[in-house]
Amino acid sequence: MAELLRLLLRVAEKAANVARVCRQEAPLFQLLVQEKTGDDKNKKFVQDFKTLADVVIQEMIRHDVGAQFPEMADFIHGEESNKFENGLGESVIVTVCGTEQETATLLSTVLDGDHTAASLLARAIHQDPATIDTNTDGLTVPLSPSELGIWIDPIDATSQYIEGREEVLEEGHLSPSGLHCALVLIGVYLRSTGEPVMGVINQPFNHKDPAGGGWRGKHFWGVSYSGVNLCSESQPATRSGGGLSVVLSSSEKPVVKEALTSLCGPDRLMYASGAGYKILCVIQGLADVYVLSEGSTFKWDSCAPHVLLRALGGGVVDLTKSLQSSSGAKDQQTELTYHQPYTECKGADRWANHGGLLAYRDCSQLCRITAALRGKL
């Protein structure tokens, strides 16, 4: 498991490098942000270059993990389909090839012969990242890779990534929007039960290098299984005053905002972009709880950060099930799991968190929030 964690940290950093390169290199950045007009408007490869960036990252992670742990290869799932249609109407399956040149050739086919952009992207895919220093040598968990599956969200909060606003991040405060909210998420779950057991989060745009001006990232990780609870983040100190703070989506239902305002006060409700980033805010103690009443997140959004919260003594529950529970406390019936689709749904909706979710660090916070919302939804 220590070896798997080291690999996931490495591939997450490679993914972050790809995300940064797509914004730093002019030929890629132009594809990332431009919208075709006129005769070119139906060329899917340009309209969906942001999706191609997602797919390239997803397939790179799938390739690297499958190469080292072949027993996991058929259980590595992601948000995106890897099938593309180029401007000539040709279907192309995007994969990571054995060499940089082979990958560049394939990407050039997707990009209608744009060799410059394809070569830049292929170089980022095949480039090894700097060694990530993390103390995982003593990690012993009684699990085999053959028991595990993976959920990948290659770039969570894609709209913030594309828009690319460079907000000034204040110490101790969350970032409502901008590049800080874009995350690479890799979550590992137990195939038999769906229990989330290992999570890696990479924040590619954490801070600017004072010397060179380029973006630098930050990584977070957690392991939680069978009494082993390890996390790169420590449990945040309890703030004075005892009031709860909640992070929400700006589009959250008015009835939820009203109920939480009554509980927490208007100054304790905060808003941010990206489901993964909002859960990361709870992990870091920038907010106590994240509440979402809609079924608008998916397994790939929540799996990785869920593990970090579990390692810190918290969790992520299905909000609807928690409100229906007599106790409102954490139990196995309300905790999100990651192995079974909703068979009555189609496409991505099969893997949605349909009951909404509530992410928390402390069970007492969970009880207070569910008490405030019970009967309102």
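Accessible areas here come from the Shrake-Rupley method with a 1.4 Å probe, and for residues only the protein chains shown count as cover. On that basis the protein chain exposes about 16,000 Å², of which carbon and sulfur atoms supply 46%.

The model is predicted: local features need pLDDT of at least 70, side-chain atom pairs count only at pLDDT 80 or more, and totals for chains, interfaces and linings use all residues. Residues are numbered from 1 along each chain as its sequence is written, and side-chain values use heavy atoms, with hydrogens and water left out.

Overall values for the protein chain are listed below.

| Property | Value |
|---|---|
| Helices | 12 helices |
| Strands | 13 strands |
| C-alpha box along the principal axes | roughly 60 × 50 × 50 Å |
| Positive side chains | 33 side chains |
| Negative side chains | 46 side chains |

Helices (H or I, at least four residues) and strands (E, at least two) are DSSP runs, numbered from the N terminus. Lys and Arg count as positive and Asp and Glu as negative, while His and the chain ends are not counted. With each charge placed at NZ of Lys, CZ of Arg, CG of Asp or CD of Glu, the centres of the two sets lie 4 Å apart.

Of the 377 residues, 54% count as buried, meaning under 20% relative accessible area (1.4 Å probe, protein chains only). Where contact means heavy atoms within 4.5 Å, 70% of contacts between residues at least 6 apart in sequence join residues at least 24 apart.

S249 sits in the loop between β9 (246-248) and α8 (254-264). S249 counts as buried because its relative accessibility is 14%. Leaving out residues up to four places away in sequence, S249 touches K257, Y271, A272, K278, Y290 and L292.

Definitions and conventions:
Buried means under 20% relative accessible area, exposed over 50%, partly exposed in between (1.4 Å probe, protein chains only).
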